[in-house]
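Open your viewer and get ready to select residues. This tour goes stop by stop through the inside of one model.

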Amino acid sequence: MVELKQRKSGASIVVKRILKGLGVLILVGLVGVAAFIASDWLYFQRIATFDRNAAITDVDFYAPLVEVAPGSPPPLVRATPDTRTLPANTLAEVEAMAKETGSVALLIWHRGELQYEYYEEGAEVLTLTNSASMHKSVSAILVGIAIDEGLIESVDDPVAKYVEEWSADARRDITIRHVLQMSSGLDRPQFSFNPLSDNLKLSLGTDIESLILKYGVADPPGTVFAYSNLNSQVLGILLERATGIPYAEFLETRLWKKVAAHPANVWLDRPGGMPRTFTGLFATAEDWLRLGLLHLNKGRVGETQVVSETWMDAIATPSPTNPQYGFQTWLGTVWTEDRDYGKGVAARVRHTEPFVSPDVVYFDGSGGQRVYIMAEDELVIVRTGRGGLDFRTGYFNWEESSLPNLVTRAVRRAAASEPSGLEDRVP
């Protein structure tokens, strides 16, 4: 009996020691995890508070932000009943589409006047929304301005001429043109929601420049179309290195003060850090319209040539690896029912019929952020709003041709004075 009690006592001591040891290990682990999170608190705070459904309008989430000041461009002319070119039945269809797709704003410009403007309840002219990848098309314009000013010698310069980290390996052969056309051949992070993954750090991390510059080449430059945020972020790094001016300041002084009428915001990876130049430009729908008009008017605002006509034509020139893509901007030159984003991207956009206007140029941001420019029809359409990717099907929740084709057909019918056109204009 005594021996049994001793055995139980000894076992109890062992169990207590094990539990104590486990407790110490757990405590050390918790301290380690806490220290790890504290070392990059902003990143983990973003992960914990990110709301995909609110991301387009939730400007406060994207701290820190740098304000980009506007200028005093010519005011937008609004159509009167006598000058309206969109019939009432079309406007009713457009408004229904805006509501059904969760649009925050939808604007239509035709023949020199703002023909239609819709804002969801709670939104108005000064409401800012996240550009998503429409920011890419803005960066392309900035590269052209830097070339116009001689700060970048040529679009065919190797990026390594300005980004020295690329000069010692295969990246030395990547040109600025390759990056603009999404054919740089750069490798990319694998898709993942793991907090330790480069993919999530690309979207929410706090040292984006170091992250981008560690990636090497996966394909020979100029051979494969692969839509990638890395390419667009390289352009931001390139612009800062080549101009010696912070990206947000260059955007403000060279473009925003000449084109825009409202302040915008650019999202930095950390205080005093690098902007994300593939997303995170918060602007009003009206100023997205003005950027569309910059395309429509071949780089001019009023009497000012903001960026050369040659460059604006280059942006809209089909690239060798994808005729649907120019410089960080999409083109309607070739129709495919399922528009894809090239190598390494599973997502697609439904495009049920070709664009009515064959010369359409458009900015594409995730969730259906769009600026459509149709020069032949003197037409610009802006849509901002909610949307996303259906991970079950691989399709974005946006159909590409419905809105621009509805409007294009309507203005063409009206111009031709067909029975379904002018007689039902808005009174």
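**Stop 1: Into the core**

Select Leu251. Skipping neighbours within four places in sequence, Leu251 is in contact with Val68, Val138, Leu142, Trp256, Val266 and Leu281. Contact means heavy atoms within 4.5 Å.

A note on what you see: this is a predicted model, where local features need pLDDT of at least 70, side-chain atom pairs count only at pLDDT 80 or more, and totals for chains, interfaces and linings use all residues. Residues are numbered from 1 along each chain as its sequence is written, and side-chain values use heavy atoms, with hydrogens and water left out.

Together with Leu251, they touch the most other members of the largest nonpolar core, which has 76 residues. A nonpolar core is a set of buried Ala, Val, Leu, Ile, Met, Phe, Trp, Tyr and Cys residues joined through side-chain atoms within 4.5 Å. Buried means under 20% relative accessible area, exposed over 50%, and partly exposed in between (1.4 Å probe, protein chains only).

Which helix gives the most to this core? Helix α4, residues 134–148, does, with 9 residues. Helices (H or I, at least four residues) and strands (E, at least two) are DSSP runs, numbered from the N terminus.

Next, select Val349, Phe355, Met374 and Leu403. They are among the 31 residues of a second, separate core.

**Stop 2: Aromatic pairs**

The structure holds 21 aromatic pairs. Rings of Phe, Tyr and Trp (its six-membered ring) pair if their centres lie within 6.5 Å; planes under 30 degrees apart count as stacked, over 60 as edge-to-face and the rest as tilted.

Show Phe225 and Trp330. Their ring centres are 6.0 Å apart and their planes stand at 80 degrees, so this pair is edge-to-face. Phe225 sits in the loop between α7 (208–213) and α8 (229–243), and Trp330 is in strand β9 (residues 330–331), so the pair ties together parts that are 105 residues apart in sequence. Phe225 is buried at 7% relative accessible area, and Trp330 is buried at 1%.

Move to Phe355 and Tyr362. Here the centres are 5.5 Å apart and the planes are at 65 degrees, so this pair is edge-to-face. Phe355 is buried, with a relative accessible area of 10%. Tyr362 is buried at 1%.

Now select Phe225, Tyr227, Tyr325, Trp330, Tyr341 and Phe396. Ring pairs link them into a cluster.

**Stop 3: Enclosed spaces**

How many cavities of 30 Å³ or more does a search of the whole structure find? There are 2. On a 1 Å grid over the protein atoms alone, a cavity is a set of points where a 1.4 Å probe fits but cannot get out, and a pocket is an open set with protein on both sides within 12 Å along at least five of seven lines; lining residues have an atom within 4 Å of a point.

The largest cavity has a volume of about 50 Å³. Its lining includes Met182, Asp187, Arg188 and Asn231.

The second largest cavity holds about 30 Å³. Select Tyr341, Phe396 and Trp398, which are among its lining residues. Strands β12 (361–365) and β16 (395–399) each give two or more residues to that lining.

**Stop 4**

Finish at the second largest pocket, with a volume of about 290 Å³. Select Pro74, Leu293, Asn297, Val301 and Gly302: of the 15 lining residues, these are the closest to the pocket's centre. The largest share of the lining, 4 residues, comes from α10.

Methods:
Grid points are joined across faces, edges and corners, and a volume is the space filled by probe spheres set on the points.
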